[in-house]
Amino acid sequence: MKSTKQSTSRARVIVYILLVLSGLFALFPVLWMFLMSIRPNVEIFKWPPTFLPEEFTLEPYTKVLNNSTYLRFFFNSYIVALVVTFSTVIVAILAGYGFSRFNFRGKKILNLFVVSTQMIPPITLLIPYFSMVVAFRLFDTYTALFLTYIVLTLPYAILMMTSYFNTISKELDEAVMIDGGSRFYALWRILVPLSLPGIIATTVFSFLLSWNEFAFALTLTKSTSMRTIPVGISLLMGQHAYEWNVMMAISILGSAPVLLLYLVAQRYFLSGMTSGAIKE
Amino acid sequence: MKIASRSLKNQLVAYRFIAPAIMLLVLLMVYPMILVIWNSFFSNYIIDPSPKWVGFEHYRWALTNDVFIRAFSNTMVFTVSSVILHLTIGLAFALLLNYPINRYAQTFFRVLLILPWVFTVAVVAIVWRLLLDPLGIVNYILSIMGFVEPGLTWFGSPERALPALILTNAWGGYPFIMVSLLAGLQGIPNILYEAATIDGANSLQKFLYITIPQLRPVILSIGLLDFIWTYRLFELVWLTTGGGPGRSTEILGTYIYKLAFSQYQFSRASAVAVILSLTTLVLAVFYLKAQRMND
């Protein structure tokens, strides 16, 4: 008895050590990015490198926050991510309800259709999107990004909402309808409040995906005033005089919204995130 | 009769709920797919005002083209290595996170280990370009340990650019796999382990004869999904090496993008994109089969 106790406490110590090492692997690049964002540019490639800055400065951040071009990237990212997330969640709730609560002809095929649309490589869609966006005079507009991003977020969002609704008893909304409530009433007043964790997971997923998207934004917009954060960062990388500290500062600031959202909602997010990929 | 009409009405109600989603997906996925396939059979798309039908000419061109073959083999090397690394790191971290330790410590490490997943690919690319710079921290650490000479190039070297990309992608891509495997681990009934303990099995035996067989369906599904996602990658390579130096990191994604948006060969790009999609389709069929196995 004593020996197993000792061996489990020793195992526990080993697990902690390995967890700390794993944590370093995950965190170090992020930490390094932060440490580079608070020192002057000349210190970035000093050899040997120093962990802490020799001269601490917040100038990279003030440079980003005082630059209207950079601020515009943030504004664009917020507009696009918020509109896409809101539309995705609404459409996914409706479709998830349909898939979860009804048996109808073609259900299996439509469900398979939703799953398979996820398999289409976005790079394949990019070519026809470009021609469609030009043809509909939507090139370099928010609408082009709204429409194309919804297609990226929607399939997985539908699967997430369907599997969340499936965990809630059907008898509940049937009881509401027997009492004279309509289907929409059952959905919005009963099911939606109960499904809040699933909805939060879907929201975070959609926001993250649309905030972080790069290829469509690169190709379907052109003017600097229409660029989103990821494209803005890549534009800085293309410049001749690399201001690494400013690039790191804008990367930190550009990741902050999704980072905060993730930290706040991570509780709901984890179970929801996998529910669309793997059936249990 | 009444029941039949009610269920018919019910069906119509169901379609009303699903219609917005299906309409969006048809308009913005099915229609563009038809466009890209159709236009891959014409001389040039978008640029050419009166494109001529050329049949399978672009496909023949692609499949006999050295750059395509190079891009395809790079894609396979990149994808297979990435998936193996993702599954290995993901499983190792998931096992650590599943070990019964203090609940708060467990949550803390879980949140920490998912962190790389929230960053946009542009940030991942820029950070790893900094880390793997000839004068970067990775070279510094490796050089004081005596592994490399200071000033070694990674993304700028034809031999080391692909390994550097695989490393970068391993960091950015393992969390989703880890979370899925963790969910799988938590679904394994505890009673199996208890029974094995009574039978005198050690930890390694439990891992080999309970954990791995129980996780097999999840590993298969998530491995295939990761393969599908990595196989079509474009952004990370575009933002770090752009496919270079030379063609040493050219993958199908960057090749398609360059054909279309740098060389304006939209129909040739479409043909390569269709080949990419068709090969994905084969993988997708396996994925759906694996999913059905889980039911």
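Student: Hi! Leaving aside neighbours within four places in sequence, which residues is Val272(B) in contact with?

Tutor: Hello! This is a predicted model, and in it Val272(B) is in contact with Ala62(B), Phe68(B), Leu252(B), Tyr255(B), Ile256(B) and Leu259(B), once those sequence neighbours are set aside.

Student: And which residues touch the most other members of the largest nonpolar core?

Tutor: Those are Ile256(B) and Val272(B), in a core of 161 residues. Helix 6 of chain A, residues 142–166, gives the most to this core, with 16 residues.

Student: Okay, on to the two chains. How many residues of chain B are in contact with chain A?

Tutor: 77 residues of chain B are in contact with 77 residues of chain A. On the chain B side, the largest share comes from helix 1 of chain B (residues 2–39), which supplies 18 residues.

Student: What's that side of chain B like by class: how many nonpolar, polar and charged residues?

Tutor: The side of chain B that touches chain A has 61 nonpolar, 12 polar and 4 charged residues.

Student: Let's switch to helix 7 of chain B. Where does it bend?

Tutor: Helix 7 of chain B bends by about 40° at Gly173(B), and Pro175(B), a proline, follows within four residues. The helix covers residues 161–186, and its 26 residues reach 38 Å from the first C-alpha to the last, close to the 38 Å expected at 1.5 Å a residue.

Student: How many of its residues are buried?

Tutor: 21 of the 26 residues in helix 7 of chain B are buried, and the helix is mostly covered.

Student: Now chain A. What domains is it divided into?

Tutor: Chain A has domain 1 (2–37) and domain 2 (67–275). Their C-alpha centres lie 33 Å apart. As for contacts, 4 residues of domain 1 of chain A are in contact with 6 residues of domain 2 of chain A. On the domain 1 side there are 3 nonpolar residues, 1 polar residue and no charged ones.

Student: What about the domains of chain B?

Tutor: There the assignment gives domain 1 (1–39) and domain 2 (56–294). The centres of those two domains of chain B, taken over C-alpha atoms, are separated by 34 Å.

Student: Where is Leu126(A) found, and what does it touch?

Tutor: Leu126(A) is in helix 5 of chain A, residues 122–135. Not counting residues up to four places away in sequence, Leu126(A) touches Ala215(A), Phe216(A) and Thr219(A).

Note on methods
Residues are numbered from 1 along each chain as its sequence is written. Chains are lettered from A and ligands numbered from 1 in the order in which they are written. This is a predicted model: local features need pLDDT of at least 70, side-chain atom pairs count only at pLDDT 80 or more; totals for chains, interfaces and linings use all residues. A nonpolar core is a set of buried Ala, Val, Leu, Ile, Met, Phe, Trp, Tyr and Cys residues joined through C-beta atoms within 7 Å. A residue is buried if 20 or more other C-beta atoms lie within 10 Å of its own, exposed if 12 or fewer, and partly exposed in between; C-beta atoms are placed from the backbone. Helices (H or I, at least four residues) and strands (E, at least two) are DSSP runs, numbered from the N terminus. Two residues are in contact if their C-beta atoms, placed from the backbone, lie within 7 Å. The expected span of a helix is 1.5 Å times one less than its number of residues. The bend at a residue is the angle between axes fitted to the seven residues ending there and the seven starting there. Domain bounds come from an automatic or database domain assignment. Ala, Val, Leu, Ile, Met, Phe, Trp, Tyr, Cys and Pro count as nonpolar, Asp, Glu, Lys and Arg as charged, and the others, Gly among them, as polar.
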